[in-house]
Amino acid sequence: MTGFAASQNTFEIEGVAFTAQWDLRSVNGRGLDLRLRLPDWLDGLEPQLRKRAGETLKRGNVSVSLKLARIDTTETPRLNPSALAAAVAMVLDVEAEAAGQGLHLAPITAADLLAIRGVTGQEAESIDPAPIVENLVAQVAPLLAALDQSRRAEGDALRAILNAQVNDVEALVAQATALADDRRIAQTESLKAALERIGAAAAQADPARLEQELALLAIKSDITEELDRLRAHVATARALLGDPAPVGRRLDFLTQEFNREANTLCSKAQHAGLTRIGLDLKTVIDQMREQVQNVE
């Protein structure tokens, strides 16, 4: 079931401000498949997100994307002593290596050192990630709720579509039932005429055996059981569509059973009107199967 949720939050940890941009997207899937794109240095965030997503969502291919950026809120740059020491050591190593190979480098200035990333200010990665993770996990709860609500809204729309399709199936079954009664009368007359023709052509034929064979043909072409099962499937479909629990897999199986009965109806029809209804049933059932693929 498709859904979408997004947010942008600003928070501060250890005097450093951050902005977190969340993007959650969901499409239908057989199970729950979470695909997370998170900053690598936030240890512990992924398992907590998976746990909370599993508590809210039961099915779907869900992608979660987080972009975390530091906001520089100070007007005057701050010197990061540890980063400066590392930068100076790096520059000295480079100069020593160059001198050892007979290469003389231009003198480095203080401005060059200050331009090295991390020398001024504090990099996000140098901050304890635990409080950041705690803050981010708290942001996820309303996002998952929004995603779930988005999915439920689509589910309500799908329920209306599927209910309409079930109504179509029920109407076609009613038409088939009426035609089956008409066909039964015509079929009885046809079988009687066939019996008389066969009896006239084969004087030695056993009348009782002929009647048995014709009765067997009538039984094989009877569609009462198929219509009864289709009506039962309609009732089951309505019950499932009213169930608040995830019913996607059960509906998918049920549409297969619908299709099985429609196929049998077509094969037994021996009547233009019933064949047309059987084909119309298959069309509606195929449309139902397409929609059911989007149901959790």
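Reader: How do the residues lining the largest pocket divide into nonpolar, polar and charged?
Author: The lining of the largest pocket divides into 12 nonpolar, two polar and eight charged residues, where Ala, Val, Leu, Ile, Met, Phe, Trp, Tyr, Cys and Pro count as nonpolar, Asp, Glu, Lys and Arg as charged, and the others, Gly among them, as polar. Keep in mind that this is a predicted model, in which local features need pLDDT of at least 70 and side-chain atom pairs count only at pLDDT 80 or more, while totals for chains, interfaces and linings use all residues. Residues are numbered from 1 along each chain as its sequence is written, and side-chain values use heavy atoms, with hydrogens and water left out.

Reader: Which residues lie nearest the centre of that pocket?
Author: Of the 22 residues that line the largest pocket, Met-1, Arg-152, Pro-244, Ala-245 and Glu-296 lie nearest its centre. Helix H4 (129–201) and helix H6 (224–241) are the elements that give two or more residues to this lining, and H4 gives the most, with eight residues. Helices (H or I, at least four residues) and strands (E, at least two) are DSSP runs, numbered from the N terminus.

Reader: And how much space lies in it?
Author: About 420 Å³ lies in the largest pocket, a volume being the space filled by probe spheres set on grid points that are joined across faces, edges and corners. On a 1 Å grid over the protein atoms alone, a pocket is an open set of points with protein on both sides within 12 Å along at least five of seven lines, a cavity is a set of points where a 1.4 Å probe fits but cannot get out, and lining residues have an atom within 4 Å of a point.

Reader: What about cavities, then: how many of 30 Å³ or more are there?
Author: The count comes to one cavity of 30 Å³ or more, and the largest cavity has a volume of about 50 Å³. Leu-24, Leu-34, Leu-36, Leu-49, Ala-53, Val-64, Val-140 and Leu-144 line the largest cavity, with E3, helix H1 (45–56) and H4 each giving two or more residues. By class, this lining has eight nonpolar, no polar and no charged residues.

Reader: Switching topic, how many salt bridges does the count come to?
Author: The count comes to 15 salt bridges, each being a side-chain nitrogen of Lys or Arg within 4 Å of a carboxyl oxygen of Asp or Glu.

Reader: Which residues does Arg-229 bridge to?
Author: Arg-229 forms a salt bridge with Glu-225, the closest N and O atoms being 3.6 Å apart, and the side chains of Glu-261 and Arg-229 also meet in a salt bridge (2.8 Å, N to O). Glu-261 lies in helix H7 (residues 248–268) and Arg-229 in helix H6, so this pair ties together parts that are 32 residues apart in sequence. Salt bridges that share partners join Glu-225, Glu-226, Arg-229, Glu-261 and Lys-268 into one network.

Reader: Is Glu-261 buried or exposed?
Author: Glu-261 is buried, with a relative accessible area of 5%, whereas Glu-225 is exposed at 51% and Arg-229 counts as partly exposed at 33%. Buried means under 20% relative accessible area, exposed over 50%, and partly exposed in between (1.4 Å probe, protein chains only).

Reader: And how far apart along H6 are Arg-229 and Glu-225?
Author: Arg-229 and Glu-225 are four residues apart in helix H6, about one turn of the helix.
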